[in-house]
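I opened this notebook to record what I looked up in the structure. The entries follow the order in which I consulted the model.

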Amino acid sequence: MSAQGKTVSGALSLLLLGPFLMAVFVPFLWMVLGIFKTNAEFFQPLTSAFFPAHYEWQNVVELLEGKWVPFWDVFGNSLAVSLGQAFGAVTLSAMAGYAFARFTFSGKRLLFVLAVALVLVPRQLFAVPLFSWVNELGLSDSLLGVMLPGVVTGLGVIYFTQVFRQVPVEYLQAARVCGAAELRVFLTLLPLVWPALLSYGMIHFILAWHEHLIPMLVLTSETKQTLPLALAKLYDVSQRTPQGVQMAASTFAVIPTAVLFAVCHRKFKSSLSDMLVH
Amino acid sequence: MAAADQRTPGARWMPFLFLLPFLFFLLIFWVIPLVGGVKMSLHANGLGRAEFVGLEHYQALAKDERYITALRNSFTYTLASIVVIVPLALWLAHLLRATTRRLRPVMTFALLLPALTPPSVLAVLFLMLFHGKNGLLNQLFVMPLGLEPVSWLKDPDFILSGLVLQTVWRWTGFMTFFILAGMEGIPRVYYEAARLVTGSRWQHFWHVTLPQLRPVLLFVAVYLVVDGFSLFSGAFVLLGGSGGTADAGLLTVTYVFQKTRFFEYGTASAISVSLLPLLMLALWAALFLRRRTA
């Protein structure tokens with residue numbers, strides 16, 4: 001295609017993409033602007049009062065000072081749970097993936113199918129027995145009770161099996177010839193697959209950050225809540241939280257995952273491109 | 001496979017050493033609750049010392065109209081979201097490929113925002129689209145056409161479409177990202193070879209891009225099936241845990257949740273267990289398709 005033809009098709013694509021970008025972006029813009037609105041402004045028809053009359057930080061201050069929910073506790077809990085869960089999931093899945101990709105052993109196929117089956121059973125469906133079991137383990141109302149069940153992931157195992165299959169065999173042989181123990185071989189491979197570890201950690205962090213049902217069942221005290229629970233409480237009509245505070249909390253709930261993604265974006269995409277097609 | 005000939009004698013337990021942590025957590029937090037769920041579904045409602053009732057809950061479910069409705073809704077919802085999202089994401093990825101490299105990351109990021117957002121926040125933002133007369137959808141599209149504003153969340157004819165629209169909004173960008181990553185991984189040589197045969201870009205898409213993207217599309221479809229059957233937060237915030245008017249938006253997880261709220265744990269577990277064969281069927285279909293591709 002000529003250079004000119006490329007520019008034209010690029011411009012046309014932009015034009016076609018425009019409405020979709022708007023449809024995605026406008027609600028978020030409205031959310032951020034909502035921080036500065038009074039309740040009266042907030043409920044006016046959107047087309048007539050999209051922008052607030054004044055920009056004041058009152059609502060953000062109220063939220064951060066913990067007038068409505070113990071915000072910093074909640075935010076810290078969510079961070080701790082999601083980071084811990086992501087780290088645990090990456091560790092377990094990478095090790096399991098390495099075993100599936102690099103060894104032959106009896107029962108391998110069966111175990112792998114079991115791992116795949118995991119992906120297909122939504123944890124939400126078995127939330128009640130999981131909850132009563134977590135209680136029996138003495139983990140009720142503890143962050144560990146939310147974090148630990150989430151470290152098992154079928155998706156992660158499949159992902160890392162694929163990742164380690166693609167590591168050139170020469171690397172392994174070189175490491176083995178040097179007489180490295182198997183665990184050392186695994187550890188020396190880790191820097192090689194660093195983008196994959198990061199990518200999966202990010203996906204899992206996002207999923208953990210969004211989890212609603214299991215924390216809802218396990219966590220009871222107010223200072224142990226995670227963000228989705230606090231948000232649900234803020235949104236609850238009977239609480240009469242100002243809309244601006246609700247929007248401020250919503251914005252803060254999006255920021256960590258958005259920043260994380262923006263930072264890891266490139267690594268994530270190239271590791272996906274390498275993997276998906278082969 | 002090259003991996004096979006690297007066995008060292010005496011290291012037969014080695015793979016299990018690597019698998020052990022995973023298997024341990026799998027047993028504790030997945031197998032045990034699952035077995036617990038099956039057991040619960042065979043006992044009378046209520047926690048603790050409930051008596052054994054055999055398949056009673058399952059028999060009751062077969063006659064339960066709300067269960068049938070929930071199943072039907074979940075199926076329609078999942079199928080509709082796949083049918084809308086996959087072609088749309090393919091198209092968007094294609095469009096993104098045509099734009100300049102400099103703008104692409106910004107646009108991908110914008111499209112991905114909904115996937116990065118907690119579902120409960122999404123649901124609230126979505127309310128603004130649907131919320132009665134003031135909602136954007138009614139203000140910008142329905143009313144200017146001289147039509148009555150649609151009550152998206154109350155009118156039984158529209159609730160399910162509303163939920164599907166929410167999923168489309170949430171996942172399309174994410175799937176576009178995956179498909180785009182897949183497209184960028186296709187070796188250029190394939191297209192050069194295809195160009196020798198035909199100049200039609202449609203043919204290139206059909207005979208090169210699509211077959212190469214099969215694993216990606218498979219992943220996308222499986223992901224959406226699982227997500228479709230586990231949707232909770234979104235429907236919970238939008239419909240307040242109810243099934244909406246005339247149960248038009250009643251999904252399986254919502255129904256499980258409703259049963260749990262009234263401490264009907266046996267029934268709730270029976271609903272969950274009854275979905276397993278269906279999900280396994282999806283798994284089998286996915287593996288079958290994968291084998292045919294290979």
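For the entries below, I took contact to mean heavy atoms within 4.5 Å. I note at the outset that this is a predicted model.

Entry on B:His204. I located B:His204 in helix α9 (residues 201-212) of chain B. Is B:His204 buried or exposed? I found a relative accessibility of 9%; buried means under 20%, so B:His204 counts as buried. I then listed the contacts of B:His204, leaving aside neighbours within four places in sequence. They are B:Tyr191, B:Ala194, B:Arg195, B:Thr198, B:Gly199 and B:Thr209.

Entry on chain B as a whole. I counted 13 helices and 0 strands in chain B. Of the 294 residues in chain B, 55% are buried. I also looked up the contacts in chain B with a separation of 6 or more: residues 24 or more positions apart account for 68% of them.

Entry on a helix pair. I examined helix α3 (residues 65-98) of chain B and helix α7 (residues 159-185) of chain B, whose axes come within 7 Å and cross at roughly 40°. The two helices, α3(B) and α7(B), are therefore oblique to each other. I recorded the crossing of α3(B) and α7(B) as right-handed. The residues of this contact divide into 20 nonpolar, 7 polar and 2 charged.

Entry on confidence in chain A. I read an average pLDDT of 85 for chain A, with 95% of the residues scoring at least 70. Where is confidence lowest in chain A? I found the lowest mean, 75, in helix α9 (residues 169-177) of chain A, and the highest, 94, in helix α4 (residues 71-102) of chain A.

Terms used. Residues are numbered from 1 along each chain as its sequence is written. Chains are lettered from A and ligands numbered from 1 in the order in which they are written. This is a predicted model: local features need pLDDT of at least 70, side-chain atom pairs count only at pLDDT 80 or more; totals for chains, interfaces and linings use all residues. Side-chain values use heavy atoms; hydrogens and water are left out. Axes are lines fitted to C-alpha atoms, for helices over the stretch in contact, and angles run from 0 to 180 degrees between N-to-C directions. Helices (H or I, at least four residues) and strands (E, at least two) are DSSP runs, numbered from the N terminus. Angles under 35 degrees count as roughly parallel, over 145 as roughly antiparallel, 65 to 115 as roughly perpendicular and the rest as oblique. A crossing is left-handed if the near helix is turned anticlockwise from the far one by less than a right angle, and right-handed if clockwise. Ala, Val, Leu, Ile, Met, Phe, Trp, Tyr, Cys and Pro count as nonpolar, Asp, Glu, Lys and Arg as charged, and the others, Gly among them, as polar. pLDDT is the predictor's confidence in each residue, from 0 to 100. Buried means under 20% relative accessible area, exposed over 50%, partly exposed in between (1.4 Å probe, protein chains only).
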